[in-house]
Amino acid sequence: MPTVDLDEMKSFGFLATALAFGGAAVLLWAATWPLHALFVSITGVEPIIGWFALGGLIFATLILAVGGIAAVGVSTGVVMVFIVGIAESAQPAFLSLTPLGADRLWILLVWVPFWLLNILGEEFLWRGVILPRQEFAFGQHAWLANAAGWLVFHLACGWAVILLVTPIVFILPWIVQKRRNSSIGIIIHAALNGPAFIAVALGFA
């Protein structure tokens with residue numbers, strides 16, 4: 001058996017523990033109460049069968065979301081390397097964000113509700129409302145029409161941002177249409193958009 005060097009292990013203190021177990025607790029509460037009750041009431045299955053089925057759906061959704069995040073993350077990284085060589089900044093053309101010092105970190109608190117509303121609003125409209133209707137017109141290629149429209153939506157941000165978001169613009173609608181599950185889109189969109197903004201805001205990108 002390989003030995004573990006305790007001196008090289010990173011600390012997992014109070015905050016990390018609270019976030020890990022607290023976040024998991026919130027997810028478990030959502031799965032065991034409102035989602036389970038809704039699933040059972042819609043399907044009419046026995047509660048225990050509903051719990052097994054719901055657990056499987058949640059697991060499959062998370063697996064697909066992780067795969068989507070990895071695919072978008074890697075392809076966006078490749079695009080970012082290309083952009084760095086030809087553009088001064090990958091920030092929106094109408095906005096210049098300088099790294100936040102300690103006296104401006106409060107801006108992150110203002111950003112959180114904007115981030116949540118932006119992600120939920122876009123995914124509800126583009127993938128929840130429009131994409132299913134595009135399927136009537138474009139069939140299995142609806143995701144391409146959705147992606148093209150989403151790309152046009154970002155034109156105001158400038159060509160560098162257009163290039164940067166191209167991977168997620170095409171990968172996300174494809175996954176959502178293929179799996180018919182907009183929650184995957186929410187997870188992927190939120191998982192990439194949030195950390196990206198924080199990295200820029202704190203001067204890491």
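Me: Is Phe153 buried, partly exposed or exposed?
Reply: The model is a predicted one. A residue is called buried under 20% relative accessible area and exposed over 50%, with partly exposed in between. Phe153 has a relative accessible area of 42%, so by these cut-offs it is partly exposed.

Me: What share of the chain is buried?
Reply: Of the 205 residues in the chain, 26% are buried.

Me: How many helices and strands does the chain have?
Reply: The chain has 6 helices and 0 strands. Read from the N terminus, the order of elements is α-α-α-α-α-α.

Me: How should I read a salt bridge, and how many does the structure hold?
Reply: The general idea is that side chains of opposite charge can pair when their charged atoms come close. The structure holds 2 salt bridges. In one of them, the side chains of Glu123 and Arg127 meet at 2.7 Å, N to O.

Me: Where do Glu123 and Arg127 lie?
Reply: Both are in helix α3, which covers residues 106-138. They stand 4 residues apart, about one turn of the helix. Both Glu123 and Arg127 are buried.

Me: Which residues meet in the salt bridge at 3.1 Å?
Reply: That bridge joins the side chains of Arg180 and Glu135, with 3.1 Å from N to O. Arg180 is in the loop between α5 (159-179) and α6 (182-201), whereas Glu135 is in helix α3, so the pair ties together parts that are 45 residues apart in sequence.

Me: Is Arg180 buried or exposed?
Reply: Arg180 has a relative accessible area of 65% and is therefore exposed. Its backbone also deserves attention: Arg180 has a positive phi of about 50°, although it is not a glycine.

Me: Let us turn to the aromatic rings. How many aromatic pairs are there?
Reply: A search of the whole structure finds 3 aromatic pairs. To read such a pair, one looks at the distance between the ring centres and the angle between the planes: planes under 30 degrees apart count as stacked, and planes over 60 as edge-to-face. Trp111 and Phe197 form a stacked pair, with 4.8 Å centre to centre and 15° between the planes.

Me: Why does the pair of Trp111 and Phe197 tie together parts of the chain that are 86 residues apart in sequence?
Reply: It does so because Trp111 lies in helix α3 and Phe197 in helix α6. Trp111 counts as buried, at 11% relative accessibility, while Phe197 counts as partly exposed, at 24%.

Me: Why is the pair of Trp126 and Phe153 edge-to-face?
Reply: The pair is edge-to-face because the planes of the two rings stand at 65°, with the centres 5.2 Å apart. This pair also links distant parts of the chain: Trp126 is in helix α3 and Phe153 in helix α4 (residues 142-153), 27 residues apart.

Me: Which residues form one aromatic cluster?
Reply: Trp111, Trp115 and Phe197 form one aromatic cluster.

Me: What lies over the face of Trp150?
Reply: A charged side chain can sit over a ring. Here Arg127 lies over the face of Trp150, at 3.9 Å from the ring centre. Arg127 also meets Glu123 in a salt bridge.

Me: How far apart in space are Asn146 and Phe170?
Reply: Residues apart in sequence may be compared through their C-alpha atoms. For Asn146 and Phe170 the separation is 8.4 Å in space and 24 residues in sequence. Asn146 is in helix α4 and counts as buried, at 4% relative accessibility. Ala160 lies in helix α5 and is buried, with a relative accessible area of 7%.

Me: What is the volume of the second largest pocket, and which residues lie nearest its centre?
Reply: Its volume is about 990 Å³. The lining has 25 residues, and Leu35, Ile58, Thr61, Ser183 and Ile187 lie nearest the centre. The elements that give two or more residues to the lining are α1 (14-43), α2 (47-86) and α6. Of the elements, α1 gives the most, with 10 residues.

Me: How many residues of the lining are nonpolar, polar and charged?
Reply: By class, the lining of the second largest pocket has 19 nonpolar, 4 polar and 2 charged residues.

Conventions. Residues are numbered from 1 along each chain as its sequence is written. This is a predicted model: local features need pLDDT of at least 70, side-chain atom pairs count only at pLDDT 80 or more; totals for chains, interfaces and linings use all residues. Side-chain values use heavy atoms; hydrogens and water are left out. A salt bridge is a side-chain nitrogen of Lys or Arg within 4 Å of a carboxyl oxygen of Asp or Glu. Buried means under 20% relative accessible area, exposed over 50%, partly exposed in between (1.4 Å probe, protein chains only). Rings of Phe, Tyr and Trp (its six-membered ring) pair if their centres lie within 6.5 Å; planes under 30 degrees apart count as stacked, over 60 as edge-to-face and the rest as tilted. A charge sits over a ring if NZ of Lys or CZ of Arg is within 6 Å of the ring centre and within 35 degrees of the ring normal. On a 1 Å grid over the protein atoms alone, a cavity is a set of points where a 1.4 Å probe fits but cannot get out, and a pocket is an open set with protein on both sides within 12 Å along at least five of seven lines; lining residues have an atom within 4 Å of a point. Grid points are joined across faces, edges and corners, and a volume is the space filled by probe spheres set on the points. Ala, Val, Leu, Ile, Met, Phe, Trp, Tyr, Cys and Pro count as nonpolar, Asp, Glu, Lys and Arg as charged, and the others, Gly among them, as polar.
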